[in-house]
Protein chains: 2
Amino acid sequence: MSIESSVLRRIKPNEDEISRIQRSAERLRALASDYALRNGIEAEIKLVGSVAKGTFLSDPDLDLFMMFPEGVPRSEVNRIGLLAGEDLLHGQRLFSEHPYTRGVFEGMDVDLVPCYRLRTTERLQTAVDRTPFHTDFVRSRMDDDMRDEVRLLKKFMKGIEAYGAEPNTRGFSGYACELLVIHYGGFRKVLEAAAGWKEGMTIAIDGKGPAMIGPIVMYDPVDPKRNVTSAVHIDTFATLITAAKAYLREPDERFFFPNEREPMEQGGLSRLAEIHGSRLITVIFDRPDIIEDNLCSQLWKTRYALAKKLNEYSFNVLRAVHRMNPEELVIVFELERDVLSKTYKHHGPPVWVRTSEAFLEKWRDNEFGEPFIEDGNWNVIAERFYSTAAEMISDEISMSGIGREIDPRTMSIRNHGETLCMTDRRLLTELLDPRHSWVI
Amino acid sequence: MSIESSVLRRIKPNEDEISRIQRSAERLRALASDYALRNGIEAEIKLVGSVAKGTFLSDPDLDLFMMFPEGVPRSEVNRIGLLAGEDLLHGQRLFSEHPYTRGVFEGMDVDLVPCYRLRTTERLQTAVDRTPFHTDFVRSRMDDDMRDEVRLLKKFMKGIEAYGAEPNTRGFSGYACELLVIHYGGFRKVLEAAAGWKEGMTIAIDGKGPAMIGPIVMYDPVDPKRNVTSAVHIDTFATLITAAKAYLREPDERFFFPNEREPMEQGGLSRLAEIHGSRLITVIFDRPDIIEDNLCSQLWKTRYALAKKLNEYSFNVLRAVHRMNPEELVIVFELERDVLSKTYKHHGPPVWVRTSEAFLEKWRDNEFGEPFIEDGNWNVIAERFYSTAAEMISDEISMSGIGREIDPRTMSIRNHGETLCMTDRRLLTELLDPRHSWVI
């Protein structure tokens, strides 16, 4: 039996589960339709998402859309939609780009989302208006075999940490996986294609939209103005290429079911840092109370901004990792060095220009020696503004361009020793041993 | 009494000394003429140099030229000239560009130099053929007052360490000082001009020759193809500008009679290095047995070559000094750091290019961790080729472009601690305290 058949046996819900899930979904849809009818709500109730498309793995969520005619005012759509969520699911109200309700029905998580029923995707009000079109498109192009191919691809993407279009994962959505299978014809064929991808890869299934920039551009067949893979970061893209090559060379269940990473002991981490000859520094912020996806983006932004500063000041970042904990945001950097020489050679003007007088005046009685001439210019040994990475970050944090809602006043910094003692060992392991999930 | 009058009193030989020196010079000239006559040598004997021009300070050398007609073959000129040197001076034979004899006459050092007597400077055989023309030019343009102005300028140049066109000093020759006084009219006027000089300064006394490049170009009035100040290094040029400004602002005898620099004690040197936060390294070579001027040039070349290497490998040279001792050549560097981080981030190819396979193969089982993806490229933590400055120099010395006759196999290196214990304290003082001679 091939690896893929064996994996599929493990990941595909069995006949009983599938029919149980489908029956629950149908009952929920009927209940919601009935509710609409009884309350005079002129809306079509539609099941969308992976259950509607039949591409779900185990424990899927149910996505139930309440589609209003275009004439209904936006405020009414939201009010009636949320009220229905309360009546039907007794759930939690959530707001991302649009308001919706998250609840539970017969043991399954449910999102009840109000939107507009449109004839085309030309005048969308929010991204959710596009979802029913996605569902219809995938249903129209897929048979049962292809659904299994999608299941394999999704599970593979999860295994290599490339699944999900949220700012945290920066990867491939379920819809992107479905389209890849539709486009290339199957799981293996997607990997064979991906192994040959290059930055700027473009996929057009039902026609091309305008030119767009990204590591990979896949035009949405129901709305070619949109790049389905716009969330895919170049590193996720590169990870998929690498994993595809590795899997095709040597297929293994580990790509689908990676081993959980064992955090190293503190002693081992210290030894590893010692071997690297590198220095660690942890930067911690209080976690602001904002939507998780926004926070995620701001945390990436903060990590990049700090890395840039560290490099500008010659501390030279080797690697970085970050984590969102319930109370705090943690970024750990591995640096080439965390202490610089106390002084450096500060280059002044040529001896013969007028400003050289001001230079000499400024550096008169300099603690590190008088200015001296080199290649016709004044030079002086000057003290560095910052000699440790921690000092630099403390002083520069407010001017570093970190995420808008991350408060620099809540920042604390752990030096090398403190990092080894106090920072989560799982995070340090990830930092110091950068192997991919499928080779652990 | 002005500073200059007072200085002149100290540096100008008195009437008795002057007439004693001139009488000795005349006796030597007569003796040599007589020798030529007696031996049937058809050559004119001519006193040249500072005694002939009357611009000497105390203890001048005598420069006696034996000028042969153009028809005499070069080999005869050399043979007869050296024989005359032996007969008259019992001196030492020396060869720079040309052969000559150095000896002593009535307590004065004498150079007896054979050359050709030419009508113009158009077809010179060696640089010495030009010297009699210089003597005649200066004599024709100078009175006694100007001779004193030259004395002041020469002494000033000596005091600020800008005197002498040898590769060691890289400064202004006596002839250059005479021309400056002739051109500007006096010592003060030279300084006033120099205070406004900029790189690329050009002086043409009796007409301009072809365009030449240098911090300062002074066309030789007897041979405008030549730059009298071609030996002047940009740092000597800058030093003169700086000293001129400083002297004009606040004239002081220290410019002419600098205090001798007291070498600091070892404890003080250690403390100073500690304050700088810098690291010292000494590089020593056996002294090859070659002409001093050539050696000097090669030593500068070696110092620059090593500084370049040190900077390339991020050790960052703050300052350097060097010294020629009887047995060895010593170069000392002050560095920002002498130890680097053990590892660095080695950037590899993008994940999607074919060479990435070779990169992964090469770095498989890398001691510092597997390759990882960053911005779509492979990266790996790699060990530095050299982690200390001493190691780097030991390995790279033969490929550094040091002076041709300096033997890298004789090299030894002192690290920071050894440098502080063993390297000449005078040299270290010069390195760590770069004040100009006139402010010590």
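Let me begin with a definition: a residue is called buried under 20% relative accessible area, exposed over 50%, and partly exposed in between, with a 1.4 Å probe and protein chains only as cover. What you see is a predicted model, in which local features need pLDDT of at least 70 and side-chain atom pairs count only at pLDDT 80 or more, while totals for chains, interfaces and linings use all residues. Residues are numbered from 1 along each chain as its sequence is written, chains are lettered from A and ligands numbered from 1 in the order in which they are written, and side-chain values use heavy atoms, without hydrogens and water.

Chain A has 440 residues, of which 54% count as buried. Its C-alpha trace spans about 90 × 55 × 45 Å along the principal axes. Chain A holds 15 helices and 15 strands, these being DSSP runs numbered from the N terminus (helices: H or I, at least four residues; strands: E, at least two).

I turn to salt bridges, each defined as a side-chain nitrogen of Lys or Arg within 4 Å of a carboxyl oxygen of Asp or Glu. Over all chains the count comes to 74.

In one of them, Asp223(A) pairs with Lys225(A), the closest N and O atoms lying 2.9 Å apart. Asp223(A) is buried, at 2% relative accessible area, whereas Lys225(A) is exposed, at 52%.

A further bridge joins Glu374(A) and Lys345(A), with 3.0 Å between the closest N and O atoms. Glu374(A) belongs to strand E13 (residues 372-374) and Lys345(A) to strand E12 (residues 343-350) of chain A, so the pair ties together parts 29 residues apart in sequence. Here Glu374(A) is partly exposed at 26%, and Lys345(A) is buried at 14%.

In chain B, Arg426(B) and Glu260(B) meet at 3.7 Å, N to O. Arg426(B) sits in helix H15 (residues 425-432) and Glu260(B) in the loop between helix H9 (234-249) and helix H10 (266-276), 166 residues apart. Arg426(B) is partly exposed, at 34%; Glu260(B) is exposed, at 65%.
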